[in-house]
Amino acid sequence: METRQISRPTWQLLDSSAIGGIETHVLGLAQAQREAGRQTKVVFLADHGVHPLRDRLDRAGIPWRCLPGSMKDLVTAIAEEQPALVHTHGYKANIFGRIACRRTGTPLVSTFHNGDTGTGKVRLYTLLDRLSAPLGKAVAVNQDIAARIFGGAEVVPNGVRVPGKCPPRRGREIAFVGRLSHEKGPDLLCEIARGLPDLTFSIYGDGAMSGSLEAIAPANVTFHGAVEDLDRRWPGIGLLVMPSRAEGLPMAALEAMTQGVPVAAFDVGALRQLTDAGRGWCAPPEDTGALRDAIRTWSHLEDGERDTIGEQCWEYVRHECSADRLVQRLEAVYRLAAA
């Protein structure tokens, strides 16, 4: 395995048409693996047209490739390139990757990112993904998701790059960052904001609910759409609100905490773990009144109190969810998969 690692890259395989948590995770993982000495290539299962992740990969110097989208194309590509290992992300890439790697004798690791079971066909695919997990090595971003995987899964939390020190926090903006889709709860954010007319809310993201949300949003909510420069927005943000109905271990929460921005969220996925010990606030799922109270509590904090919470957020992610820590954990899983 060590010889193959030196001469052949690891594939990060996904089926993607837009930027979201999985795409952000894959980009950060590929960068961290390259810095740790592992050759890594991002492979798109199909070409869905112009994709902002490709531009970001180019800027980071990470090689990538788009496949035509069929199982036959994937098997052929793996047989030709002979990657050291294929690491898949998302239910379609997971299922296709397991079958193709079985046919080619290639080690495989699949990450389960999402706590949402979906509806309709997506629900069926999600179930098939969980049932077929034993065809490779499975990892999950939190314990709740791992418990639902047939045959079990290793818990490997997401990781992010962490600045050398906690940035100072003086922003007052209350932000939502994510897809405008039902499971992320942007409609619940609008409901919460309506009850806090003296506070300012911003929504960063795009999605199927965009038009309907703008029609119901109160005047204190501003829609920014999908932004490429979120790193430059964090200094103005004081609190990240995650009113999600389902989650795994959201990248947006980790990115906020690296910037010293605390999180107020519903108790889904791993959000309780992130906000414990005074690092933020967690309300019962879909209890908009309780989450509104948490936001009001944050708004009344003094600057010194906000600085203390920000430092605790930054310190937690630095120790538990850094990109370096992610790579170390995955290397152990990769060795098991290769064996």
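**Helix pairs, cores and backbone**

Tutor: Let us begin with a pair of helices: helix α5 (residues 91-104) and helix α6 (residues 120-131) have axes that come within 9 Å and cross at roughly 45°. That makes α5 oblique to α6. This is a predicted model, in which local features need pLDDT of at least 70 and side-chain atom pairs count only at pLDDT 80 or more, while totals for chains, interfaces and linings use all residues. Residues are numbered from 1 along each chain as its sequence is written, and side-chain values use heavy atoms, with hydrogens and water left out.

Student: How are helices, axes and angles to be understood?

Tutor: Helices (H or I, at least four residues) and strands (E, at least two) are DSSP runs, numbered from the N terminus. Axes are lines fitted to C-alpha atoms, for helices over the stretch in contact, and angles run from 0 to 180 degrees between N-to-C directions. Angles under 35 degrees count as roughly parallel, over 145 as roughly antiparallel, 65 to 115 as roughly perpendicular and the rest as oblique.

Student: Which hand does the crossing of α5 and α6 have, and which residues of α5 and α6 meet?

Tutor: A crossing is left-handed if the near helix is turned anticlockwise from the far one by less than a right angle, and right-handed if clockwise. The crossing of α5 and α6 is left-handed. Contact means heavy atoms within 4.5 Å; here Y91, N94, I95 and R98 of α5 meet V122, Y125, T126, L128 and D129 of α6.

Student: At what angle do α4 and α5 pack?

Tutor: Helix α4 (residues 71-81) packs against α5 at an angle of about 50°, with the axes 9 Å apart. That makes α4 oblique to α5, and the crossing is right-handed. Among the residues making this contact are M71 and L74 of α4 and F96 and G97 of α5.

Student: How do α2 and α3 pack?

Tutor: Helix α2 (residues 21-35) and helix α3 (residues 52-60) pack at about 15°, their axes 11 Å apart. The two are therefore roughly parallel to each other, and α2 passes α3 in a right-handed crossing. E23, L27, Q31 and R34 of α2 meet L53, R56, L57 and A60 of α3.

Student: Is T24 buried, exposed or partly exposed?

Tutor: Buried means under 20% relative accessible area, exposed over 50%, and partly exposed in between (1.4 Å probe, protein chains only). T24, found in α2, is partly exposed, with a relative accessible area of 22%. Leaving aside neighbours within four places in sequence, T24 is in contact with I19, M251 and E255.

Student: How many residues has the largest nonpolar core?

Tutor: A nonpolar core is a set of buried Ala, Val, Leu, Ile, Met, Phe, Trp, Tyr and Cys residues joined through side-chain atoms within 4.5 Å. The largest one has 63 residues, and F201 and I295 have the most contacts inside it. Helix α11 (residues 251-258) gives the most to this core, with six residues. Apart from it lies another core, of 15 residues, among them V43, L45, A100 and C101.

Student: What is there to note about phi in Q82 and A277?

Tutor: Most residues other than glycine have a negative phi. Q82, in the loop between α4 and β4 (85-89), has a positive phi near 50°. Q82 is partly exposed, at 38% relative accessible area. A277 has a positive phi of about 60° although it is not a glycine; A277 lies in the loop between α12 (271-275) and β13 (280-283) and is exposed, at 62%.
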